[in-house]
Amino acid sequence: MLDTMHEACEQCRFAYARIDTECWGEQGARRVMCPICGWTKYEEHSLAAGSAAITKQSVKRGHGAYRLIPPGGFSGYNAFHEPPTPEVVRHIQALLDRGWKGYLTIWDEERAKARLVAGHPLQRYEIQDEEGNAQ
């Protein structure tokens, strides 16, 4: 069942790009997004007459990704489909510096891979050292 929830990224090859789906009547949509590089594939489906058919499809090259979780809250993953401006990068870094959890990656064209700029992709809760102190 997990293979229907994840799929390999077609840009950086991360094995677990996220899949989000939604349905409304005989229509549906599926978005696959890599939380590492931001590569995104979007499909709309029609379920008419008992068979599924793709009615719209697009693939966007990733230029990085980020996740921001405000104190006491929750947020999803987000992707950049063009290089983010320095102001956007500074704003996300400032939120992470003020206690928001999450991370920020930027796609490195020369190395053909995502570079972690701030935070940590798995930082959902406070990371503690061996003595139990928050880092």
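Me: Which strand do six bridges join to S8?
Reply: Strand S6 (residues 64–69) does, and S6 and S8 run antiparallel. Strands here are DSSP E runs of at least two residues, numbered from the N terminus, and two strands pair if DSSP finds at least two bridges between them. This is a predicted model, where local features need pLDDT of at least 70, side-chain atom pairs count only at pLDDT 80 or more, and totals for chains, interfaces and linings use all residues. Residues are numbered from 1 along each chain as its sequence is written, and side-chain values use heavy atoms, with hydrogens and water left out.

Me: What is the bridge partner of Arg67 in S8?
Reply: Tyr103.

Me: And how many bridges join S8 to S9?
Reply: Six, and S9 (residues 113–119) runs antiparallel to S8. Asp108 has Lys113 as its bridge partner in S9.

Me: Why is S8 largely enclosed?
Reply: Because eight of the eight residues of S8 (residues 101–108) are buried, meaning under 20% relative accessible area (1.4 Å probe, protein chains only). Lys101, Tyr103, Thr105 and Trp107 point one way, while Gly102, Leu104, Ile106 and Asp108 point the other.

Me: New topic: is Glu43 buried or exposed?
Reply: Buried, with a relative accessible area of 8%. Glu43 sits in strand S4 (residues 40–46).

Me: Which side chain does Glu43 join in a polar contact?
Reply: That of His45, at 3.3 Å. A polar contact is a pair of N or O atoms within 3.5 Å; within protein, one must be able to donate a hydrogen and the other to accept it, and residues adjacent in sequence count only if both atoms are side-chain atoms.

Note on methods. Helices (H or I, at least four residues) and strands (E, at least two) are DSSP runs, numbered from the N terminus. Buried means under 20% relative accessible area, exposed over 50%, partly exposed in between (1.4 Å probe, protein chains only).
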